[in-house]
Each structure stands twice: as C-alpha cells, then as structure tokens.
Amino acid sequence: MRNYQTEADAVRNLQTYLRQLSYHDPDISPPPVNGIFDPLTRQSLSQFQKKAGLPVSGTANGETWKTLYRAFLKSLAENALPEKVSLFPTTPKGYCLSPGCTGFCVSALQMMLGELQRFLPEEYPIEPTGVYDQATEQNVRIFQSCCPELKETGKVDFATWNAIAVRYNAMFEKPSEE
C-alpha cells in the first residue's frame with residue numbers, strides 16, 4: 001500500500017526546489033507547488049535535467065534528487081538577501097549619538113544622512129568622518145524636522161536612528177510589481 005502523504009510531500013519538495021531555480025533561470029519553467037506530479041512539474045524537471053547535463057527522463061531518480069538539491073541550496077545562497085547589520089547599540093537604555101561621539105556608528109550615520117539629503121528640504125554638506133561634528137548635528141536636525149514623530153534635538157536616539165535607517169533602506173528596495 002502506498003503512503004500518498006509521503007509521496008505528495010516528496011513531490012512538493014521537488015516542486016519547491018524547481019520553483020526556486022525557476023525564479024533565477026528563465027530556461028526552467030515554474031511548476032505549481034501542490035504535491036501533484038503533473039505535466040508542468042514533469043516539464044520543469046526535464047528542463048532542469050537537460051540544463052544540469054543529466055539524462056532527461058522527467059522523473060527524479062537518486063542522481064537527479066542530489067543534483068537538484070545541491071542546485072537548490074546554491075540558488076538560495078546566491079540569491080539570498082544580504083544580512084542586516086545592527087550598528088546602533090540597544091544598550092544601555094537611553095543611549096544616543098551626539099556631538100563629540102566618534103566611531104564607525106557615526107560614520108554609518110553620516111553616510112546614510114549624505115544619501116538621504118536629496119530627499120530633505122535643504123542640503124548641508126556632510127562627510128563620513130566618524131566624528132559627530134556640527135555638520136552631522138545640522139543634518140540630524142534637518143532630518144528630524146521632516147519627521148513629525150521625532151523631536152528636533154540634533155542627537156540620534158533609537159527612534160531617530162530607526163527613522164533614518166528605514167528611509168535609507170527604502171532607497172534600495174525593489175519596487176513592487178503590480
């Protein structure tokens with residue numbers, strides 16, 4: 001007696017691997033991920049086998065599974081989003097960057113503010129020196145004045161850092177395809 005749930009799970013995995021590859025390879029058509037080994041799944045698998053230099057059978061033997069799984073893992077690694085880096089300290093509570101602070105965190109702040117200047121009502125030249133100077137304070141004030149949820153202090157607390165980071169990150173997001 002066949003265990004249909006296990007077979008469906010295996011087909012669903014196969015379809016998931018092929019679907020991942022199809023996102024980045026136009027020669028592999030995306031199969032449905034439904035656990036049913038249908039003609040679209042067979043076609044996608046055959047396309048993968050051809051591309052991988054395997055015998056094209058449209059069925060998944062041991063060699064095809066190993067090659068497909070390796071290709072799937074490679075695709076995940078190559079196409080993953082970059083890891084985020086937390087620069088702003090979360091402790092001690094109440095920490096903020098202010099005039100006189102130095103270091104990499106200040107350089108990152110200055111770099112983000114420099115990129116965001118084109119969206120602000122006025123430009124005030126800033127260089128990523130790693131020193132929280134008058135130009136940094138002025139740019140922080142300009143940014144804060146554009147955000148009603150922030151107090152205009154010229155200092156960067158957790159809320160200001162997050163507001164800057166969100167707007168900076170938004171510059172690099174892909175527009176939604178609608």
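## S44 and its surroundings

Leaving out neighbours within four places in sequence, S44 is in contact (heavy atoms within 4.5 Å) with L18, I28, S29 and P31. The model is predicted: local features need pLDDT of at least 70, side-chain atom pairs count only at pLDDT 80 or more, and totals for chains, interfaces and linings use all residues. Residues are numbered from 1 along each chain as its sequence is written, and side-chain values use heavy atoms, with hydrogens and water left out.

S44 is found in helix 2, residues 39-52. Helices here are DSSP runs of H or I with at least four residues, numbered from the N terminus. With a relative accessible area of 0%, S44 is buried. Buried means under 20% relative accessible area, exposed means over 50%, and partly exposed is in between, with a 1.4 Å probe and protein chains only. The S44 side chain reaches the backbone oxygen of S29 at 2.7 Å.

## Q117 in a loop

Q117 is found in the loop between helix 4 (104-116) and helix 5 (134-145). Its relative accessible area is 9%, so Q117 counts as buried. The side chains of Q117 and N139 are joined by a polar contact of 2.7 Å. A polar contact is a pair of N or O atoms within 3.5 Å; within protein, one must be able to donate a hydrogen and the other to accept it, and residues adjacent in sequence count only if both atoms are side-chain atoms.

Not counting residues up to four places away in sequence, Q117 touches E123, Y124, P125, I126 and N139.

## Nonpolar cores

In soluble globular proteins, nonpolar side chains tend to be buried together. A nonpolar core is a set of buried Ala, Val, Leu, Ile, Met, Phe, Trp, Tyr and Cys residues joined through side-chain atoms within 4.5 Å. The largest nonpolar core has 24 residues, of which L97, L109, Y132, F143, V156 and W161 touch the most other members. Helix 4, helix 5 and helix 6 (158-170) each supply at least two residues of this core. Helix 4 gives the largest share, seven residues.

L109 touches L97, Y132, T136, V140, V156, W161 and I164, not counting residues up to four places away in sequence. A second, separate core of 10 residues includes L14, L18, L21 and L45.

## Distance across the chain

N162 has its place in helix 6. At 33% relative accessibility, N162 counts as partly exposed. N162 and L18 are 144 residues apart along the chain, and their C-alpha atoms are separated by 38 Å.

## Salt bridges

Side chains of opposite charge can pair when their charged atoms come close. A salt bridge is a side-chain nitrogen of Lys or Arg within 4 Å of a carboxyl oxygen of Asp or Glu. A search of the whole structure finds six salt bridges. R12 pairs with D9 in a salt bridge whose closest N and O atoms are 2.9 Å apart. R12 and D9 are separated by about one helical turn because they are three residues apart in helix 1 (residues 4-24). R12, at 32% relative accessibility, counts as partly exposed, and D9, at 35%, counts as partly exposed.

K74 forms a salt bridge with E78, with the closest N and O atoms 3.8 Å apart. K74 and E78 both lie in helix 3, four residues apart, about one turn of the helix. Both K74 and E78 are exposed. In the salt bridge of R167 with E149, the closest N and O atoms are 3.6 Å apart. R167 lies in helix 6 and E149 in the loop between helix 5 and helix 6, so the pair ties together parts that are 18 residues apart in sequence. R167 is partly exposed at 33% relative accessibility, whereas E149 is exposed at 52%. D25, D27 and K51 are linked in a network of salt bridges.

## A nonpolar surface patch

Y69, L73 and L76 form a nonpolar patch on the surface, with about 250 Å² of accessible area together. Patches are made of residues with over 30% relative accessible area and no salt bridge: like charges are joined within 9 Å, and nonpolar side chains (Val, Leu, Ile, Met, Phe, Trp, Tyr) within 5 Å. Accessible areas come from the Shrake-Rupley method with a 1.4 Å probe; for residues, only the protein chains shown count as cover.

L73 is found in helix 3, residues 62-79. At 38% relative accessibility, L73 counts as partly exposed.
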